[in-house]
Structures are given as structure tokens and as C-alpha cells.
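Have the model open as you read.

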Amino acid sequence: MSTLNQQLELSRDKFIAHFGEVPYSIAYAPGRINIIGEHTDYNLGLSLPCAIDRWVTVSLSPLDNARIHVISEDFQGDMQFELGTSYGPNASWQHYVYGCLMLFQEKTGLRTGFQALISGNVPIGSGVSSSAALEVAFMNALNPLADEALDPMTLIQLCQQTEHQYLNVKSGLLDQYASQFSRAGKAMILDFKTLTHRYISADTLNYTWVLCDSNVQRTLSGSKYSERVKETHNGFLTLQEQFPELKTMRDLQEKHLPFLNDPLQQKRIRHYLSENQRVIDTVKALEEKDLKTVGQLLTSSHLSLRDDYEVSCMELDYLVEEALATGYCLGSRMMGGGFGGCTINLVRKDKIEAFSENVEASYFKQFNRQTKINRYQIVDGAGVFPVVKNVPHRF
Ligand code: GLA
């Protein structure tokens with residue numbers, strides 16, 4: 001697999017091939033994994049993500065007029081319009097790009113046109129947040145064009161707004177935050193109430209994180225996701241009526257659960273509470289290198305996502321069961337929004353091959369579908385490199 005430098009060089013070369021000049025800058029943003037803390041971000045909870053060695057890159061040069069020309073290598077398409085005129089995005093990637101651009105322009109008063117090329121190697125639809133990587137890379141590419149550059153937190157909040165306003169998904173900040181702020185070799189405990197994070201060592205001794213891709217398209221994810229956002233929000237409002245001292249979701253405790261009459265809301269909030277606690281417990285266990293406990297917490301997270309939050313699907317459940325049945329895996333759970341995507345597993349380094357063979361074979365037998373098994377390095381978050389014009393640049 002290629003390194004960041006190789007991806008940057010590739011991006012520059014493709015830009016030159018399309019536009020006939022060296023780009024002014026190249027921005028990059030990685031995909032992410034999330035060790036634990038799922039469906040907590042939009043309710044001001046806790047998560048434990050890391051960025052992975054797959055990136056979306058955006059090479060860009062400003063123009064001396066208001067023309068916008070953006071090419072996507074992966075989707076083999078482009079969009080062209082004048083800044084200040086309306087444009088109707090007609091492909092999924094274009095909604096992200098257009099939304100980011102509109103919100104960035106609103107915030108900074110951007111007047112400069114530009115040409116840009118998007119490429120990268122974050123697997124699409126595999127649950128490692130290729131769309132957040134696209135937003136974050138694109139925002140980082142736009143930032144040097146503003147009279148006054150935005151701080152990284154504002155940048156990622158604009159990315160989140162893009163999802164809310166232009167994709168109609170009320171997602172949290174997990175993916176963008178991880179893509180922007182991660183550190184190589186570290187996991188990041190992230191508090192969405194205070195928007196702060198702390199790095200801990202991601203070293204897992206003779207175990208490693210392995211992802212199994214269910215290869216199931218997350219068709220339901222948009223609508224079911226919004227449903228969960230609403231259910232938990234309504235549950236909170238119901239409790240707030242009875243306990244006015246509750247200011248945010250983070251003030252909720254187990255003792256409040258019996259006061260929810262709706263069993264569905266009770267289950268949803270129970271997941272939120274237990275998952276936040278599991279993040280805290282996982283951090284402690286990781287710091288103590290108690291990997292057995294980390295594994296158990298992972299698997300209980302899956303059960304909670306399956307039974308209380310109901311965002312799993314039979315393929316993900318099967319992958320978890322089979323992973324655990326190999327005997328080489330300390331814990332397993334679905335990762336990300338759910339209804340497809342992948343599982344994350346803590347697997348013995350010296351047994352990865354046997355683990356993969358077992359899981360691949362049984363998954364294929366059961367569903368007549370391939371699973372892709374992936375391992376990633378944990379890398380730094382997003383950034384932007386200036387490229388000196390007309391000087392051959394080596395990264
Ligand atoms: C998706 C969303 C994130 C987060 C996860 C679930 O990846 O984009 O904001 O809610 O689902 O943890």
C-alpha cells in the first residue's frame with residue numbers, strides 16, 4: 001500500500017496531467033477507524049478513534065477569476081461553474097464538495113476561483129469514512145485561499161454542517177474530528193461535549209486491529225441514522241421534563257432510565273450510557289495493557305449496538321460471531337453507522353492469516369459474498385502542503 005508521500009506525488013502528477021501546471025498546494029485527510037464509542041458523538045458522548053493510512057488528497061491552484069473547476073479521479077467526473085452562480089450537484093461526491101465550498105465561502109467571503117483535483121485511496125463504502133476524508137481534505141485545500149485562514153475546529157464543524165445541510169444527515173463530528181486531529185500511533189479519547197481530546201498509546205502488544213468488510217451497502221443508514229438521532233433526542237426531552245436539572249445528554253444516568261415509559265427510547269438511551277462507560281473502561285484497559293478486557297468491552301459494545309440500538313445487520317452479527325469463534329480474536333464489534341460496513345476485531349498478530357482464512361471461508365459459505373479483511377497503520381490527521389510553483393518538488 002502506498003505511503004502518504006506517494007499519494008501526494010500521485011495527486012500532484014495527476015493535477016499536472018489535467019491542468020498542465022504544478023498545483024499551488026496539496027491537502028490530504030485520512031480515513032478513520034473507531035475502537036469504541038459508537039453512535040455517541042451526536043449526543044455529546046465519548047469515542048476512541050484513530051486515523052488510518054488511507055487518504056483523500058486535493059491538489060489545488062487558485063485562478064485569477066471566479067471559475068471553479070473540480071475533477072474527481074475516483075468518480076471520473078468534474079464540476080464547473082462560476083463562484084456566485086448556482087450549481088446543481090449531480091453526483092454524491094459533488095454534494096460534499098459543493099456543500100463544503102458554499103459553507104466555506106459563506107464563512108470567509110471567498111472570492112477566488114480555483115481548479116482542483118480530488119483523488120485518494122480511502123476505500124469507499126467500507127465504513128472507514130471516505131466521505132469525511134473528502135470533506136476534511138477539501139476544506140484544508142480551500143483554507144489557504146481565505147484572507148484569514150480558519151482554525152481546524154471551525155473547518156471540521158463546517159464539514160459537519162455540510163452533512164446536515166447538503167446531505168440531510170444529522171451526523172456527529174466523530175469522522176471529521178478523527179480525520180483532522182489524529183496522531184500517528186495514538187488513539188484519541190474524544191469528548192463531544194467539550195470538543196476536547198487526549199491521546200493515548202494505541203499499542204496493543206502482540207494483538208492488532210483488523211477490519212472485516214461485510215461488503216453490504218449501507219442503504220438504510222441515512223434514514224435509520226436520523227431515526228436514532230430523533231429517538232435519543234426525544235428520550236432526553238422526556239426525561240428533561242421530569243428532571244429539569246438535566247442540561248445535556250451527558251447529565252443522564254442509569255437511574256433516569258426507568259422514568260422513560262417508551263421501551264424503545266429506554267433501549268436507545270441505555271446504549272448511549274453503557275457505550276460512554278465502555279469508552280472510559282477501554283481507555284483504562286488500554287493504558288493498563290489489559291487486552292482481554294479491551295476485547296470484552298468491544299464485544300459488549302456490539303451486543304448493545306445490536307440489541308439496544310438496533311443498528312447492526314445479520315452479516316455484521318455473523319462476522320462478529322465467526323471472528324470470536326476463530327479463537328484468535330479477543331473482541332469484535334460492528335464499526336461506524338451500521339446496517340453494513342465493517343467490523344473491528346482485536347486479533348493476534350501471529351494468527352492473522354488463519355483468522356482471515358477462517359472468516360473469509362465461513363462468510364462466503366453463509367452469504368455467498370466476499371469479505372475483505374484489512375489492516376491499517378495509525379497515522380497523523382489532515383494537513384496541507386504548499387507546492388512551490390515551477391520548482392520540481394519532492395515530498
Ligand atoms: C457515522 C457518522 C458518525 C457517527 C458514526 C456512529 O460514521 O458519520 O458521526 O455517528 O456513524 O458512531
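Let's start at the join: domain 1 and domain 2 have 3 salt bridges between them, a salt bridge being a side-chain nitrogen of Lys or Arg within 4 Å of a carboxyl oxygen of Asp or Glu. The side chains of E287 and R198 form a salt bridge too, at 3.0 Å from N to O.

A word on the source: this is a predicted model, where local features need pLDDT of at least 70 and side-chain atom pairs count only at pLDDT 80 or more, while totals for chains, interfaces and linings use all residues. Numbering runs from 1 along each chain as its sequence is written, and side-chain values use heavy atoms, with hydrogens and water left out.

As for the bounds, domain 1 covers 4-200 + 380-386 and domain 2 covers 203-378, as given by an automatic or database domain assignment. Here is what each side puts into the contact (heavy atoms within 4.5 Å).

| Domain | Residues in the contact |
|---|---|
| domain 1 | 41 residues |
| domain 2 | 42 residues |

The C-alpha centres of the two domains sit 26 Å apart. About 3,400 Å² is buried between them, with carbon and sulfur atoms giving 63% of that; buried area here is the accessible area (1.4 Å probe) that two parts lose on being put together, summed over both. On the domain 1 side, I36, E38 and H39 lose the most area to domain 2, together 20% of what that side buries.

There are also 19 residue pairs in polar contact between the domains, both residues at pLDDT 80 or more. A polar contact is a pair of N or O atoms within 3.5 Å; within protein, one must be able to donate a hydrogen and the other to accept it, and residues adjacent in sequence count only if both atoms are side-chain atoms.

Which element gives the most to the side of domain 1 that touches domain 2? That's β3, with 5 residues. Strands here are DSSP E runs of at least two residues, numbered from the N terminus. Others that give two or more residues include β2 (46-47), β7 (186-191) and β8 (196-201).

Those three make an open, antiparallel sheet in the order β2-β7-β8, where pairing takes at least two DSSP bridges. β2 and β8 are at the edges with a single partner strand each, so one side of each has no neighbour in the sheet. β2 and β7 share 2 bridges, and S47 stands opposite L190 in β7. Between β7 and β8 there are 6 bridges, with K186 partnered by S201 in β8.

Technical notes:
Helices (H or I, at least four residues) and strands (E, at least two) are DSSP runs, numbered from the N terminus.
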